[in-house]
Structures are given as structure tokens and as C-alpha cells.
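Take a short walk through this structure. Keep the model open as you read.

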Amino acid sequence: MKRIEAFVDSMYLNVDGDKQEIDELKAEMKNHLFESVQELKEAGKTEQQAITIAIQRFGEEKEMRAVIGQLFEIQKIFAKRVLYIAIVCLILTISMGSFLWEIDDSTAQGLSETSTLISKELENKDVMTFSMKRKIETLVEDTNYISEVTIYNSKDIRSVSQNSGEYHWKSQNPDFQYQRTIWAPKWLGVDSSTSGNGNEQWFVLIESRSFDQLQVIVIFMGGAIYWTLFTIWAIINAHHQKPLRIKWIFIFVGLNVLGYLLYYFTGIRSVSSKEHEDLY
């Protein structure tokens, strides 16, 4: 039977993978061959004849070695691709989140400037003239994020209590209103926000495009995909180094990169230098 053990060992001679998994596969292969040899011997074959026939039935050595090598290579490639996709997902999430944050920050600055210009246009005026309205329309059209401007005369909607003014505009007709369509697809999660600013003369409402909701969606979905993929990679990679305890799976799920670093630096002392080279 040493011939069978030598045959099986030769199958995994250059296979690079989890030692425990390889040992289990080798044991399973040996048992299968031993059973075949026993059946052949019961059928009247000598031990050497039975071994030769069993090995021939199992497959040519070269072909079997190639199949086993490909099997472990596929596992390594899969783990690497999971890690690469996780990293790409993280980079895209950070990039898109930062991009949307910069757009909203730029919009906030633009709104402040436009609001200031509108207030100057209304300053010390009791009635809005046609030229004032056209100038405000032009200010709005110079932006790509303001969809509506509504202006009320404060004397019609303002009430003063405890030295503070409150504006009740919802049931009143505005002195001026300008609306236009801007690019803000709802299906993409793009929303709108309304800000109001007033004094004793005028109250101005400005509705503008907002990417706050889209930013939350991008960060949540991108972060969840990255977190899941990295956790899968950490479990696969740790399992290929040595048997993985269930507690590490929960640590990977809860702490992600920190969990894997904790596993790596606490488990590395028991890993041989050869196993270090096998990390992927």
C-alpha cells in the first residue's frame, strides 16, 4: 500500500493551499483507492495488480495533478478578486461621497452669495418693481442649483413675540415667485431643500438642489458592499492559513480591517515563515 500513499502524495506535491484541507483530501483519496484495491483483490487480482488497476481507474498522475492544482489556484484567484473588488468599492465610495460633499458645500456658498445679493436688491424697498424682479430672476438663472425663489412682504406674514419674529407664509400669496426646472432626478436620490431668510421688510424662500440623500445612499450602500466583501476575504484568507475559530468570524464582521489586523498580529507568532509567504 506504500505505492498508493506515494501516488497520493505525488498528487499534492506542489499544491499551495490550506494544509488541513489538503490532508483531508489526501485521506479521502487514499480511502477511495484502498477500497478499490480491496474490491479487486476479492475479485481475484493480486495486490500489485489491484493497485495498478485502481490507480489507472483513478486517473493518470499528470492529469490529476493538473486538476488538483487548478482547484486550489481557483480558490486563491477567487479570494484575490473578492479583495480587489472590496478595495475598488471602498475607493469609489470615498471618491463619490467626497465629490457629492464638495458639490453641496459649493452650493451652500453659492446660495449664501445669491441670498445676500437678493437681500441687497430688496434693501430699503417697500414695493418690488419690474426691474427688481428681472434682476432677481437673472441672479437665479446664473446658478444651476436654484429651482425656486419666493418673496413675501414681511408686513403681511410677520408676527413679533418676545423680541423675535416669526413668518407665517404658507397661507399667503407671495409678492414675487420665480420657478424653473433644473437637473435633479428623483430616481437618483437627488432631493431639494428650502431655506428661508427674512427681516422686517422682506422674507425670502429659496429652494435648491441637494445631494444629501444621494450622499447617504452612496456611503451606506458602498460601505455595506465593501464591508461584506472584505469580511468574506478575511474569513477565506484566515481559513487558508490555519483552522479558523468562530470568534474570529464575529470579530471580522464587527471590526473589519481592525479585526483582521488583530487576527494577523496575534496569530502570526504561531505561523511559520513558510506560511507567511503563502498569505494572499
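Leu258 sits in helix H9. The model shown here is predicted. Helix H9 covers residues 257-267. On the surface, Leu258 belongs to a nonpolar patch.

Now go to the start of the chain. Helix H1 spans residues 2-11, and helix H2 spans residues 19-42. Their axes come within 10 Å of each other. The two axes cross at roughly 145 degrees. The crossing of H1 past H2 is right-handed. Which residues make the contact? From H1 come Ile4, Glu5, Phe7, Val8, Asp9 and Met11. From H2 come Lys26, Met29, Lys30, Leu33, Phe34 and Val37. Sorted by class, this contact has eight nonpolar residues and four charged ones. It has no polar residues.

Asp9 and Lys30 form a salt bridge. Their closest N and O atoms are 3.9 Å apart, and the cut-off for a salt bridge is 4 Å. Asp9 lies in helix H1 and Lys30 in helix H2, so this pair ties together parts that are 21 residues apart in sequence. How many salt bridges does the model have by this rule? The count comes to six.

Key:
Residues are numbered from 1 along each chain as its sequence is written. This is a predicted model: local features need pLDDT of at least 70, side-chain atom pairs count only at pLDDT 80 or more; totals for chains, interfaces and linings use all residues. Side-chain values use heavy atoms; hydrogens and water are left out. Axes are lines fitted to C-alpha atoms, for helices over the stretch in contact, and angles run from 0 to 180 degrees between N-to-C directions. Helices (H or I, at least four residues) and strands (E, at least two) are DSSP runs, numbered from the N terminus. A crossing is left-handed if the near helix is turned anticlockwise from the far one by less than a right angle, and right-handed if clockwise. Contact means heavy atoms within 4.5 Å. Ala, Val, Leu, Ile, Met, Phe, Trp, Tyr, Cys and Pro count as nonpolar, Asp, Glu, Lys and Arg as charged, and the others, Gly among them, as polar. Patches are made of residues with over 30% relative accessible area and no salt bridge: like charges are joined within 9 Å, nonpolar side chains (Val, Leu, Ile, Met, Phe, Trp, Tyr) within 5 Å. Accessible areas come from the Shrake-Rupley method with a 1.4 Å probe; for residues, only the protein chains shown count as cover. A salt bridge is a side-chain nitrogen of Lys or Arg within 4 Å of a carboxyl oxygen of Asp or Glu.
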